[in-house]
Amino acid sequence: MCNATGAVCAAIWRDLDRSIVTSIHSIQYLRGLAACAVVCFHVSEQFGGPFDVGAAGVDIFFVISGFIMWVTTAGRPADPWRFMGRRITRIMPLYWIVTVLTAAGILIKPQFFYGHFFSVPNFVGSLFFVPVLQENALHPIVIQGWTLCYEMMFYLVFTLVLFLGERWRFGVLTGALVAIVALHSIFPAGYARAFTDPVVLEFAAGVVVGRLWLQGARLPLGGALAMAGAGFLLLAASPLFDDEMPRALRWGLPAALIVAGAAFAERARPFKPSALPSLLGDASYSIYLWHVLVGVLTTGVVLRIGLPAELQPAAILIGTLAFSTVLYLVVEKPLVALLHPQRPKGAVKARNAAAAGAAE
């Protein structure tokens, strides 16, 4: 328990939040894998391919989000306003940039943005995570941005829970997420029904995994790998399941097994990270947000140079991933550094020493 002043403790945890998450290399790897899977899904869809299961990358993201939010806040001084402020400044600036550019693309070349819907109400609603509904589903300007609407709702619930004492947070948070989903069948078509979709349970699953991880739970390496393997097998077999099966069960349960298995496998046998998977993990948000817009541009280049049809899917996939990663380096990373400056290592060590002295 940190007995230092609240300001000192808060400063220490602020500087350590990022290192805690990125030190769980398997989670970083899964973020990159999830982003790549979603890109593969959209390229496959573009060419009428069979890789629908790639959309399950979203479900892995949701579970990871629950895991990360719990791990980076449990056992630390609670500052709900700061938590929500950091979530907003982390998510919204890049999302707004991509939304504005996508809206411009729709207006300039609507034929290149099949399935997109532009209107002034949808543009404004998209910026604030309440886009128009089409067939009872959220449909923002950036079509894959529907997931961020659920992310922001989860962050809002999480923020409210942070006002409670720590002993109450886990039970209230998971209970609230379950209660939200329980209301789904009661609400008529509309925003209330859309935002109570059972997919919300995937955040709760991530919170449960994060709590177990922080409590020091362990699995033998073989058991953890078997858990993750079972999750991947269930995803591979998901096309065989009933189409009416809820997404939270069809893809959410395998996603939870994969995240839990990966985290506990790394705890059983830590490893040194590799550069490329780590980069893809760092760039996963940019890859996810940019890939549709970048994919349109890449498709235009591929068609213009007359690449043979059989090579087009791979070229578009590789080009989209490469360019989206570059955009992470030149847009997102500097933006995050500006809005979330990291303290110098020396300052962190000094604050650690101050905290240690105050705790004596």
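A salt bridge is a side-chain nitrogen of Lys or Arg within 4 Å of a carboxyl oxygen of Asp or Glu. By this rule the count comes to 2 salt bridges. This is a predicted model, where local features need pLDDT of at least 70, side-chain atom pairs count only at pLDDT 80 or more, and totals for chains, interfaces and linings use all residues. Residues are numbered from 1 along each chain as its sequence is written, and side-chain values use heavy atoms, leaving out hydrogens and water.

**Salt bridges**

- Arg-247 and Asp-59 join their side chains in a salt bridge of 3.0 Å, N to O.
- Arg-247 lies in helix 11 and Asp-59 in helix 3 (residues 57-71), so this pair ties together parts that are 188 residues apart in sequence. Helices (H or I, at least four residues) and strands (E, at least two) are DSSP runs, numbered from the N terminus.
- Asp-59 is buried, with a relative accessible area of 0%, while Arg-247 is partly exposed at 26%. Buried means under 20% relative accessible area, exposed over 50%, and partly exposed in between (1.4 Å probe, protein chains only).
- Arg-90 forms a salt bridge with Glu-332, with the closest N and O atoms 2.6 Å apart.
- Arg-90 belongs to helix 4 (residues 80-108) and Glu-332 to helix 14 (residues 312-339), so the pair ties together parts that are 242 residues apart in sequence.
- Glu-332 counts as buried, at 2% relative accessibility.

**Helix packing**

- Helix 10 (residues 221-237) packs against helix 11 (residues 247-268) at an angle of about 155°, with the axes 7 Å apart. Axes are lines fitted to C-alpha atoms, for helices over the stretch in contact, and angles run from 0 to 180 degrees between N-to-C directions.
- Helix 10 and helix 11 are therefore roughly antiparallel (angles over 145 degrees count as such).
- The contact (heavy atoms within 4.5 Å) includes Leu-221, Gly-231 and Phe-232 of helix 10 and Arg-250, Trp-251 and Gly-261 of helix 11.

**Positive phi angles**

- Most residues other than glycine have a negative phi.
- Phe-129 is not a glycine, yet has a positive phi of about 65°. Phe-129 sits in the loop between helix 5 (120-127) and strand 1 (133-134), and counts as buried at 7% relative accessibility.
- Glu-135, also not a glycine, has a positive phi of about 55°. Glu-135 is in the loop between strand 1 and strand 2 (137-138), and counts as exposed at 80% relative accessibility.

Terms used: Parallel < 35°, antiparallel > 145°, perpendicular 65-115°, else oblique.
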